[in-house]
2 protein chains.
Amino acid sequence: SVNPDLASERQTASFSVERLTTMLDGGAELTRVRRAVVEAIESDPVFSREHQYFQNQNERYEAAVRKAVYLQKKMHEMGWSEDGPEFTYIYRALAGDVAFLLHRVFMRSISVLGSEEQVAKWIPLATKYQLIGSYAQTELGHGTNLQGLETTAVFDITTQEFILNTPKISAMKWWPGDMGRSATHTVVFAQLYVHGKCYGVHPFIVQIRSLQDHSLCPGITAGDIGPKMNFEHIDNGYLMLQNVRIPRENMLNKFCKVQPDGTYIRHESQKINYFTMTAVRVSLISDEVILPLMKACTIAIRYSAVRRQSKLNPGEEEAKILDYQTQQEKLLPQLAAAYAFHFINNYLHKLFDRGYKEIQERKFDLLPELHAFSSGFKAMVSQYCTAGVEVCLRACGGHGYSLLSGLPSLYTKILASCIYEGENTILLLQTARFLIKCFAAASTGHPVPPSVTYLAAVKPRKCPAKNKLDFLNPDIYTEAYQHTAIRLLSSTAAKLQDLIQSGVEKHEAWNQCTVQLVQAAKAHCHYITVKNFAETVEKLENKTGIQKIMKHLCDLFALHGIFSNAGVFLHDRYISGAQMDMVTVSYLDLLGVIRKDAVPLVDAFDFTDKSLNSALGSYDGHVYQRLYEWAQKSPTNKQMSPAYERYLQPLLHNKLSKL
Amino acid sequence: SVNPDLASERQTASFSVERLTTMLDGGAELTRVRRAVVEAIESDPVFSREHQYFQNQNERYEAAVRKAVYLQKKMHEMGWSEDGPEFTYIYRALAGDVAFLLHRVFMRSISVLGSEEQVAKWIPLATKYQLIGSYAQTELGHGTNLQGLETTAVFDITTQEFILNTPKISAMKWWPGDMGRSATHTVVFAQLYVHGKCYGVHPFIVQIRSLQDHSLCPGITAGDIGPKMNFEHIDNGYLMLQNVRIPRENMLNKFCKVQPDGTYIRHESQKINYFTMTAVRVSLISDEVILPLMKACTIAIRYSAVRRQSKLNPGEEEAKILDYQTQQEKLLPQLAAAYAFHFINNYLHKLFDRGYKEIQERKFDLLPELHAFSSGFKAMVSQYCTAGVEVCLRACGGHGYSLLSGLPSLYTKILASCIYEGENTILLLQTARFLIKCFAAASTGHPVPPSVTYLAAVKPRKCPAKNKLDFLNPDIYTEAYQHTAIRLLSSTAAKLQDLIQSGVEKHEAWNQCTVQLVQAAKAHCHYITVKNFAETVEKLENKTGIQKIMKHLCDLFALHGIFSNAGVFLHDRYISGAQMDMVTVSYLDLLGVIRKDAVPLVDAFDFTDKSLNSALGSYDGHVYQRLYEWAQKSPTNKQMSPAYERYLQPLLHNKLSKL
């Protein structure tokens, strides 16, 4: 039976939850497939996450390997294939808690960077798991700046081999997943030297562990990098190479090749590879960034409908904490953001599908724009969602701080998404560089990519809103975002220009503008997100119930952004102080409106209790009972601690001197 | 030998690091005592934190108990006493990683709430550790709202006992430290019933475990609440009471008493008790909130002086990441905040010492102000510092995410300070309530406490700054903070008034203003912090080198606040857009100035390598070597995982079907 405090929230939904779920999935058929996959995975005890919060790093690793191996069996049994409709849901159903993710990166890099012969040799081995692959790029001393990698691969013409070395400690490979304990092979990125000349960073296939007994190969030092904030299930590893010899054929040579005589040949553009790297950033946004925020919202909002604390009105029962304005103001903007990012993610995927097709046809015009999109949105969405999950965690007070709430692990995991696949600040600066170029082009009447044509738009000088209701007009707030994005970019472009004209060196001038460039890049992404949300809502016209609540969420997302970044809107008085007061009123009013549908809106995300793995967030709302039951399973309650006999007893029995 | 990249940072310090350290300590003698305590603790292997990042919850608990017990021996050996000058440094030297902290709360609550007879009976037992105490207030269903506690204590006149019960699951005591596995006794807060009448929440001493064999006493169910984001070393516990009988004498009865015939007597004001609760909030700010931020700054800034990534100028060596404006803008404001909060903490301690003296003399006038101070500053400082530690963690990229950096544990621990001893939002609303009252009083010419007299100040309508240098004038920015604090409070007071006059019920009107009230309370605390920093700098006149750099930090703290909360300053055009541009220029200029002294400024915090326990933050800057050495000690590298034989080998050897 469901806790009445939660049941009552569901009786008054203003829309059909099931219809919204299918809309989020992209159709009823996909909902059906997703549920079938989740059911198949969750009903199989081999994939259970029940004791996860009690496991140490070794146990988590073992469980992840077990799941990865059994997944092969499961897929075979179920008839699922890697290119079937089920595949994308498997990872989701496992909540990412599975090994060999880097094995897939290993395969992809061979497919993309390898010659036909290399693909023919390695891909079947990898597909059949006759080896386990990893991907060794990052070093102790070098992450984002690939050109700075220090591992060397020297071509030895006499033996037709490459000799790989880690010349100093900062060159040690560090972080690659699946490498610390599992992988037998890896793709190593190293500076290629032929006849003493450096040709830059290239990828090489290196065997690191015996296929017979898993012992390390000669010249290889490898291991696990130790405890991390999360990802305990992954054996992120280190790798040191000492005169490791590999055959010439092991350099991935679709684009570049060293011939037997040492001649270095570059075949063709690496732009497709460049596109692949870019696409990875977009592909992670959904599973690694948006889903965790949706889960956190589900947990925090359900809990807030069940948790009662203090009386709003004397004489009444204690109030649900969801009825406090401050709690609404914490949680509901995060819920709106989860929807906003779901829609922008759909938009990005369509864009990248189109880009992929064009690039297959050797048309590369879209590339700079796609790169700017993937960098900016990966950074902006991961930063926003990470902050959102933290808000959800803190909004649940002490119980949110318990691992059993599920929130700490969501937070510590999503936090990593701000760092991996490109550190966010650096990514935003790449987007900014694209925007600065486009702005200069647009200002001088040159053509620019469609997403940035607005930079040349004729701008109204003032926001035309006259009352608080005007701020529920998407044209009004979308214009405000657009105006602000242009202003931040143009003022920074002007500063950059001034600095250079005053004699400051170009690179130093750029550095002096980076804080503002980051701001401008974020404003651009925020604007596109708001615009896309508003356009998505408009297209929903037929499903009235859903359109209405989505419109409220869109308004909330937009007004929350204005309310909490008021300075950039007020700066040039595009929005006046009086108008900002209207924004505030509309914003706070919306909280009360959306609060009524808050629980149905998270129900529509359709997470099972097992996938939430949260004592606070279950569908039935029996939080206290569940916290108590789960706590009793903790290893800290399994037996009396040896600390009693060793320390407590001597202390209590006044035998301290005998210690 | 020190990494040259770090050594060079120290050669150019603009001030004497040692002099700044003694200033922070409050004098050379205190520096000496502190260092002696730290040395005594850190040189003793029993207190080692070396393997901490590899330990599970059971091991952490055992270590914390070991340290607590050995600490008793150590204090005896060293001649340290609980009221000696060394005592405050012991906890700091242990980095809080020690058990029995609640034992001290147990003792304090008896001292404050107990009669002379009760103090005479229990305090000697506790001092000699013939029992281990805890403090059982929070319940599963009730945290901040003490009046809502559901545990009952019914007086049984026939046996002269109280019968304690946990009437339902939400009434179970949950979270008390030291209670899960260690405590033999605890102070239980319960609703007192005599002859069927409820007299509200009262404290009772209850024995929960046998002093002989540590088994649970009859009617007691207790255990550990399981894994948390941090504090694994503490056995936060649960406690269920079923008809537990305790003698009448076990109700702490300094203020209230039940006589043998059931007559309930209230003796005198509980205001001193109220003061004690308030003082706890202030006392935790230093060790639990400011020190972690100082440590995080030390780690992140030293690492940023050693880490090199990408080239700022083509042709040059890769640049230290501390030379990037974006990195400076992440870290240096956190450094400035650490100093700002160190000084406000000194201010609060002076204020509370004075308050304590007055209250001893039965003068209670200061109480409301002290309560508002302790609530507001606990909330504001913990929120600010938590965000600051997170910034430091993220600014260190992937290596910051490794537990070995020391940053994740600082973050997960400081995060709890936003929740315990009063959830921050609720605390800020208590400060806001005080401010609203004072504002009303000040507006009508009534006297108000000194810290809020500014609410009645005549305000200039516009900021008088004419150029960027004016914003380095403390009068200019302090006035801006003051103006903004008044504006936010007065506009919210007006909104509250309007709502009530328009017929909205008082409590509902308050609820509708809470988002803005929180903002106003924060602005008040921010203003006081800036003002106090500026005044502190002014008093430093004789020590020129230090005054100069402190002035820069004060400016940075103030301008960072204006830059990042621009909206509240621009709203009524107190600061114009053009002036905000001046703020921005001055703010960004300051980053470059303070960057030169960044390493000396964190060196002055004088943390030993052992207290930082960070592979990234050591004094010598050999980060990569240390990461590698520490990683090798990880239990994940101790042996081949059983996962190999169980899963990997069958997979690789194509024996999946046999699984």
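**Exercise 1. Two helices inside chain A**

Work out how helix α13 (residues 424-443) and helix α15 (residues 506-539) of chain A cross in this predicted model, and which residues meet there.

*Solution.* Start with the axes: those of α13(A) and α15(A) come within 8 Å and cross at roughly 85°. Next, look at who touches whom. From α13(A) the residues are A:Thr425, A:Leu428, A:Leu429, A:Thr431, A:Ala432, A:Arg433, A:Leu435 and A:Ile436. On the α15(A) side they meet residues including A:Trp510, A:Leu517, A:Val518, A:Lys522 and A:His524. Sort this contact by class and you get ten nonpolar, four polar and two charged residues.

**Exercise 2. A second pair in chain A**

*Solution.* The α2(A) and α3(A) axes sit 7 Å apart, at an angle of about 90°. That makes this pair roughly perpendicular. α2(A) brings A:Glu18, A:Thr21, A:Thr22 and A:Asp25, while α3(A) brings A:Ala28, A:Leu30, A:Thr31, A:Arg34 and A:Arg35. By class, that gives two nonpolar, three polar and four charged residues.

**Exercise 3. A helix pair across the chains**

Now cross over to chain B: how do helix α9 (residues 325-360) of chain A and helix α15 (residues 506-539) of chain B pack?

*Solution.* The axes are 7 Å apart and the angle is about 65°. The roughly perpendicular range is 65 to 115 degrees, and α9(A) and α15(B) are therefore put in that class. A:Gln325, A:Thr326 and A:Glu329 do the touching for α9(A). Their partners in α15(B) are B:Asn511, B:Gln512, B:Cys513, B:Thr514, B:Val515 and B:Val518. The class tally is three nonpolar, five polar and one charged.

**Exercise 4. The whole interface**

Find how much area chain B and chain A bury between them, and how many salt bridges link these chains.

*Solution.* Take the area first: about 10800 Å² is buried, 62% of it on carbon and sulfur atoms. Chain B puts 134 residues into the contact, and chain A puts in 134. One salt bridge pairs A:Glu62 with B:Arg646, with the closest N and O atoms 2.1 Å apart. A:Glu62 lies in helix α4 (residues 57-78) of chain A and B:Arg646 in helix α22 (residues 642-652) of chain B, so this pair joins two chains. Another salt bridge runs from A:Lys330 to B:Glu423, where the closest N and O atoms are 3.3 Å apart.

**Exercise 5. Confidence check**

What scores does the predictor give for chain A and for the complex?

*Solution.* Chain A has a mean pLDDT of 95, and 99% of its residues reach 70 or more. For the complex, ipTM is 0.97 and pTM is 0.97.

Technical notes
Residues are numbered from 1 along each chain as its sequence is written. Chains are lettered from A and ligands numbered from 1 in the order in which they are written. This is a predicted model: local features need pLDDT of at least 70, side-chain atom pairs count only at pLDDT 80 or more; totals for chains, interfaces and linings use all residues. Side-chain values use heavy atoms; hydrogens and water are left out. pLDDT is the predictor's confidence in each residue, from 0 to 100. Axes are lines fitted to C-alpha atoms, for helices over the stretch in contact, and angles run from 0 to 180 degrees between N-to-C directions. Helices (H or I, at least four residues) and strands (E, at least two) are DSSP runs, numbered from the N terminus. Contact means heavy atoms within 4.5 Å. Ala, Val, Leu, Ile, Met, Phe, Trp, Tyr, Cys and Pro count as nonpolar, Asp, Glu, Lys and Arg as charged, and the others, Gly among them, as polar. Buried area is the accessible area (1.4 Å probe) that two parts lose on being put together, summed over both. A salt bridge is a side-chain nitrogen of Lys or Arg within 4 Å of a carboxyl oxygen of Asp or Glu. Angles under 35 degrees count as roughly parallel, over 145 as roughly antiparallel, 65 to 115 as roughly perpendicular and the rest as oblique.
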